[in-house]
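These notebook entries record what I looked up in one structure.

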Amino acid sequence: MINDFKHSQYAHCESGVVSSMLTNSGLKISEPMAFGLTSTLSFAFFPIVKVNGMPLIAYRAIPKNIINKIEKSLKIKLFKKSFRNMLEANLELDKALENGKLVGLQTSVFYLPYMPSDMRFHFNAHNLLVYGKIEKNYQISDPVFENIVECSQKDLIKARFAKGVFSPKGFMYYVDKLPKNIEFETILKKAIRKNAKSMLTVFPYAGVKGMRKLVSHIEKLQEKDERYIKNYLTHIVRMQEEIGTGGGGFRYLYAAFLKEAIKYNLDVDKLNKASELLTLSGDTLRNFALKCVESAKKIERFNPKEISDILIEASNYEEKAFKILKSI
């Protein structure tokens, strides 16, 4: 067990684990910096890809993006491994802990017993950090909790080998080697421009255009029966506000990243303006989720144009922000 480990609560699990892991290992990286350096902000709407029978709607890049990209961008060496065998995965985890490693794990929210019952659903890409083990209980720093928690060996194995979309397959990772020097100015410019390019893509189901594609589907909902409309609107909210920080939260996280990036000799005016626009988008997306909830609860209040106009407003803020950032 690492006795001097410092737990912190974060907005999002993967960026939180990466920030905590690197900071506790000697390389201080804030959560917004971990999120922004890896160009993780995104939007995707894929009607043909189903999640619980509804279209995939994502407000950030796919799981493991932060883990993989932080390694590449900062030239950090991480040990990463997936497993087929539960026993092997368990032995590898215990061995790493005995060697004083902080170990990140991909797990299923549903099988973590310390999660409140109303927060448990089948989402297999929840990241947490294990820093010790007492008898058969693991000491866990879960980024979304205020304090450290415990999980039995039996329950953690279930969470690590859950089936379904984004099946964890026992995936674990830890810091193997840290770089001596990091050229943040160059890395940040590249990361910001890359994120801008992805959000301004011409592909109609991603980025700003993806947000507007979702709008067109919301406008057609009035042709469906009440049950389908309620399920669709509830699904939008779950994908936005319950998977990680939510659509609004991811925008606030990226806005904070842009503010932090100012100290690395980047264009102050451009970063400040883009940060303001993304904060406005975050506020607008929260309002969008609220309107979806109100309509799902009382279907007579469902006004597809009103809901669509709010999402269009958010997309306009993001289009302006990333056109500015494209020229950083």
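This is a predicted model: local features need pLDDT of at least 70, side-chain atom pairs count only at pLDDT 80 or more; totals for chains, interfaces and linings use all residues.

I call a residue buried under 20% relative accessible area, exposed over 50% and partly exposed in between, with a 1.4 Å probe and protein chains only. Residues are numbered from 1 along each chain as its sequence is written, and side-chain values use heavy atoms, with hydrogens and water left out.

**Entry 1. Aromatic rings**

I searched the whole structure for aromatic pairs and found 13. Rings of Phe, Tyr and Trp (its six-membered ring) pair if their centres lie within 6.5 Å; planes under 30 degrees apart count as stacked, over 60 as edge-to-face and the rest as tilted. I looked up Phe35 and Phe250: the pair is stacked because the ring centres are 5.6 Å apart and the planes stand at 5 degrees. Phe35 belongs to helix 2 (residues 31-37) and Phe250 to helix 9 (residues 246-261), so that this pair links distant parts of the chain, 215 residues apart. Helices (H or I, at least four residues) and strands (E, at least two) are DSSP runs, numbered from the N terminus. Phe35 and Phe250 are both buried.

I also noted a cluster in which ring pairs link Phe46, Phe203 and Tyr205. Lys213 lies over the face of Tyr205, 5.1 Å from the ring centre. I count a charge as over a ring if NZ of Lys or CZ of Arg is within 6 Å of the ring centre and within 35 degrees of the ring normal. Lys224 is placed over the face of Tyr228, at 5.4 Å from the ring centre.

**Entry 2. Salt bridges**

Over the whole structure I found 13 salt bridges, each a side-chain nitrogen of Lys or Arg within 4 Å of a carboxyl oxygen of Asp or Glu. One of them joins Glu71 and Lys80, with the closest N and O atoms 2.8 Å apart. Glu71 is buried at 17% relative accessibility, whereas Lys80 is partly exposed at 32%.

Lys81 forms a salt bridge with Glu92, and the closest N and O atoms are 3.4 Å apart. Because Lys81 lies in strand 3 (residues 77-81) and Glu92 in helix 4 (residues 86-98), the pair ties together parts that are eleven residues apart in sequence. Lys81 is partly exposed at 26%; Glu92 is buried at 18%.

Arg212 forms a salt bridge with Glu319, the closest N and O atoms being 2.9 Å apart. The pair ties together parts 107 residues apart in sequence, because Arg212 lies in helix 7 (residues 207-219) and Glu319 in helix 11 (residues 304-325). Arg212, at 27%, is partly exposed, and Glu319, at 23%, is partly exposed. I then recorded a network of salt bridges with shared partners, which joins Lys81, Glu88 and Glu92.

**Entry 3. Cavity**

Which residues line the largest cavity? I list Val18, Met21, Leu22, Ile67, Ile70, Leu78 and Tyr173. On a 1 Å grid over the protein atoms alone, a cavity is a set of points where a 1.4 Å probe fits but cannot get out, and lining residues have an atom within 4 Å of a point. Helix 1 (13-24) and helix 3 (65-74) are the elements that give two or more residues to this lining. Helix 1 gives the largest share, three residues.

Terms used
On a 1 Å grid over the protein atoms alone, a cavity is a set of points where a 1.4 Å probe fits but cannot get out, and a pocket is an open set with protein on both sides within 12 Å along at least five of seven lines; lining residues have an atom within 4 Å of a point.
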